[in-house]
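Subject: Structure handover

Hello,

Here is the structure you are taking over. Please open it next to this email and follow along.

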Amino acid sequence: MGKSIMIVGAGLSGAVIGRELALAGHRVEIVDARAHIAGNCHTQRDAETGVMVHVYGPHIFHTDDAEVWNYVNRFQTFMPYKNRVKTTSGEHVYSLPVNLHTINQFFGKTFRPDEARAFIDEKGDKSISEPQTFEEQALRFVGKELYDAFFKGYTEKQWGCSPKDLPASILKRLPVRFNYDDDYFFHKHQGMPETGYTNMVSRILDHPNITVCLSTWFHRTDAPASGHVFYSGPLDGYFDFELGRLAYRTLDFERFTYQGDYQGCAVMNYGDVSVPFTRITEHKHFSPWEQHAGSVCYREFSRQCDPQDIPYYPIRLVADRQLLSDYVTRAEETSGVTFVGRLGTYRYLDMDVTIREALDVARFYLARAPGDPDMPAFLHRPI
Ligand SMILES: Cc1cc2nc3c(=O)[nH]c(=O)nc-3n(C[C@H](O)[C@H](O)[C@H](O)COP(=O)(O)OP(=O)(O)OC[C@H]3O[C@@H](n4cnc5c(N)ncnc54)[C@H](O)[C@@H]3O)c2cc1C
């Protein structure tokens, strides 16, 4: 048996690190404050309709990383799934991301690709030579009409601030396609786990060297005297928020049911600020291979994260950088713990990146020769 390892969080980060270390002969204890495994990817069947629900918001698996794709396919059958999102703006429903269909429908045209490209280029605000903000970037690229209909309101609701206050880097590339491709992601591998993410994580955790303790809150004073902690909880939380709180957005979900098919697709965005929610998710469309007469939908509201809320999206505005930097310094002065995952490194991470990083962390730990210096606080430094 190897050294004793404590892992905080039974989400994808904790589960993958735990399995890799367990396979190498280490005893691994995983604690999670929640009453279930799988962290924010948790799925469970809705008691009333039988539909598989993505409890903390919709999760679509997409990756170009062949090793990660093979890894998840060892624990689940992945069913083919393409993420095709629609948006309601004003009195109309459009296709997203903004593509040739959206442009033709919005402007009442029958453009071919080159014509649409020239038309949108003409719409772009050429007076903005070096866009600094999200708004300037969008106006420069797509012009006022498309910005108002598809970017402005949704972004305001999602981030709780004006796109004038968000950095241009959020909208890096031209956010418009001049063909009819409405697949949200470009990745080679995409799919949905046939029996849900929680079942997949349960299989990852299924190893005799792994013990999982749910409904168990970890405080840094609980760390074992010897051994190592991999911590996938919030970075500021590890230090009892002593320097202040890193800013997050949280989500509220308003559940409702419907007999039949409520909206005909999994995700319908709402771009208008007059509609208080950002989107409605109809979960049965995430499992098109299943049949359900009833349907369960979630209206999704985004707002500032208060201390009692679940942190979802790190905000990472300029004001947060100094605080983040201070926490990173504290973490790097602390021995015996490595900060991992979306909360431990205060970054938005897709599931495939989370798994890739978890595999890298585990391999780094296992590759260390006896007597090597302590594991670093971060293998993936937040700044
Ligand atoms: C709304 C939303 C939608 C998303 N959609 C997608 C998508 O479509 N595709 C995609 O690839 N990715 C998506 N993601 C990203 C995905 O959720 C993350 O990649 C994944 O959850 C990261 O896993 P993790 O283990 O790092 O963190 P988490 O899943 O958050 O797990 C951390 C765990 O640590 C536990 N914990 C925290 N602090 C403590 C403590 N002190 N003591 C004990 N336990 C503690 C928590 O309870 C939690 O279970 C989405 C994220 C969000 C927010």
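Domain bounds here come from an automatic or database domain assignment. On that basis the protein is divided into domain 1 (4-81 + 190-243 + 318-367) and domain 2 (85-173). The centres of domain 1 and domain 2, taken over C-alpha atoms, are 35 Å apart.

Some ground rules. This is a predicted model, in which local features need pLDDT of at least 70 and side-chain atom pairs count only at pLDDT 80 or more, while totals for chains, interfaces and linings use all residues. Residues are numbered from 1 along each chain as its sequence is written, and side-chain values use heavy atoms, with hydrogens and water left out.

The core

A nonpolar core is a set of buried Ala, Val, Leu, Ile, Met, Phe, Trp, Tyr and Cys residues joined through side-chain atoms within 4.5 Å. Buried means under 20% relative accessible area, exposed over 50%, and partly exposed in between (1.4 Å probe, protein chains only). The largest nonpolar core has 69 residues, and Phe61, Phe230 and Ile355 have the most contacts inside it. Helix α5 (residues 134-159) gives this core its largest share, 9 residues. Helices are DSSP runs (H or I, at least four residues), numbered from the N terminus. Domain 1 and domain 2 both give residues to this core, so it lies between them. Apart from it lies another core of 23 residues, including Tyr238 and Tyr327.

The ligand

Which residues are closest to the ligand? They are Ser13, Asp32, His59, Leu349 and Met351, out of 34 that surround it; a residue counts if one of its heavy atoms lies within 4 Å. A polar contact is a pair of N or O atoms within 3.5 Å; within protein, one must be able to donate a hydrogen and the other to accept it, and residues adjacent in sequence count only if both atoms are side-chain atoms. An oxygen atom of the ligand is 2.7 Å from an N or O atom in the His59 side chain, and one is 2.8 Å from a polar backbone atom of Asn40. Of the shell around the ligand, α9 gives the most, with 3 residues.

Arg347

Arg347 sits in the loop between α9 and α10. Its side chain makes a polar contact of 3.0 Å with that of Thr345.

Regards

Note on methods:
Helices (H or I, at least four residues) and strands (E, at least two) are DSSP runs, numbered from the N terminus.
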